[in-house]
Amino acid sequence: MGRSTNLSEYEKGQIDILKDQGKSIRVIAGYINKPKSTVGEYLAKRSGKKLRKLKTGPKPKITSRDCRQIVKSCSTNNTSTRKIQQELNLPCSHTTVWRALKQSKKLKYMKKSCKPSLTQHHKTDRLAWAQNYMSWKDEWIEVLFSDEKKFNLDGPDRWTQYWHDLRKEPEVISKRQMGGGSVMVWETFGFNGITDLAFITTRMNSQKYQEIVVYNL
């Protein structure tokens, strides 16, 4: 059964007397049969000092200087934790590097914003097109809208996350349209519904687009 950590008034008096006699905390704890931490805490409160708590657990594998280098490398190169660990030759795993980045107040793990690659010229033309056809009503019955969607085999276009330096502007990822190993599908919709899904197996050009329209409408 463990020793009690509560001190009676008599035991506190014994501690005071023994401490005034110059006895150590270890000797006092053994004399009154109490834990050294209990005796030390009482003496600290009596003297008005804060008891320093010893850190528990394994010794950190990286120093505060290593942490600063990790944050600097990530902010400058925006690379992965594995590459940071290898480039800085740190005596730890990439998971430790990730924890160091997470504890930093200068970085935040977030998703890149996805914006279309539109110039001001593109925006002006699209707005003019919309304004030109705002008065249409029944004319839309004879109109079809088509669009394609690319599924990348080497990773998504949009869901890219990174360690963002809060002192800098957020990064933006551009949406890819072709290449990179992918599967593309095409479909149209209009007043009367939608067409069947068409798979595009070659590079899209004007001739291929006309063939898709002929065989799928």
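Trp 186 stands opposite Ala 198 in strand S8 (residues 198-200), in a predicted model for which local features need pLDDT of at least 70, side-chain atom pairs count only at pLDDT 80 or more, and totals for chains, interfaces and linings use all residues. Residues are numbered from 1 along each chain as its sequence is written, and side-chain values use heavy atoms, with hydrogens and water left out.

S8 pairs with strand S6 (residues 182-190) in the antiparallel sense over three bridges, where two strands are taken to pair if DSSP finds at least two bridges between them. S6 also pairs with strand S3 (residues 144-152), in the antiparallel sense and over nine bridges, and within this pairing Phe 145 stands opposite Phe 189 of S6. A further antiparallel pairing, over two bridges, joins S6 to strand S7 (residues 193-194); here Gly 190 stands opposite Gly 193 in S7, and the two strands form a hairpin with two residues between them.

The protein as a whole has eight helices and eight strands, these being DSSP runs numbered from the N terminus, with helices (H or I) of at least four residues and strands (E) of at least two. Of its 217 residues, 24% are buried, where buried means under 20% relative accessible area, exposed over 50%, and partly exposed in between (1.4 Å probe, protein chains only). Among contacts (heavy atoms within 4.5 Å) between residues at least 6 apart in sequence, 60% join residues at least 24 apart.

In helix H2 (residues 25-32), the residues Ile 28, Ala 29 and Ile 32 are buried. Viewed down the axis of H2, the buried residues fall within an arc of 100°, so they line one face of the helix; the arc is that of the directions from the helix axis to the C-beta atoms. Arg 26, Gly 30 and Tyr 31, on the other side of H2, are exposed. The cover over the buried residues of H2 includes helix H1 (9-20) and helix H3 (36-47).

Two packed helices are described by the angle between their axes and the distance between the axes. For H1 and H3, the axes come within 11 Å and cross at roughly 75°, where axes are lines fitted to C-alpha atoms, for helices over the stretch in contact, and angles run from 0 to 180 degrees between N-to-C directions. H1 and H3 are therefore roughly perpendicular to each other, on a scale in which angles under 35 degrees count as roughly parallel, over 145 as roughly antiparallel, 65 to 115 as roughly perpendicular and the rest as oblique. In this contact, Lys 12, Ile 15, Asp 16, Lys 19 and Asp 20 of H1 meet Val 39, Tyr 42, Leu 43 and Arg 46 of H3.

Asn 33, in the loop between H2 and H3, has a phi near 60°, a positive value in a residue other than glycine, and at 48% relative accessibility Asn 33 counts as partly exposed. Asn 89, in the loop between H5 and helix H6 (94-103), likewise has a positive phi, near 55°, and is exposed, with a relative accessible area of 66%. Most residues other than glycine have a negative phi. Thr 79, found in the loop between helix H4 (64-77) and helix H5 (81-87), is buried, with a relative accessible area of 17%; residues up to four places away in sequence not being counted, Thr 79 touches Cys 74 and Ile 84.
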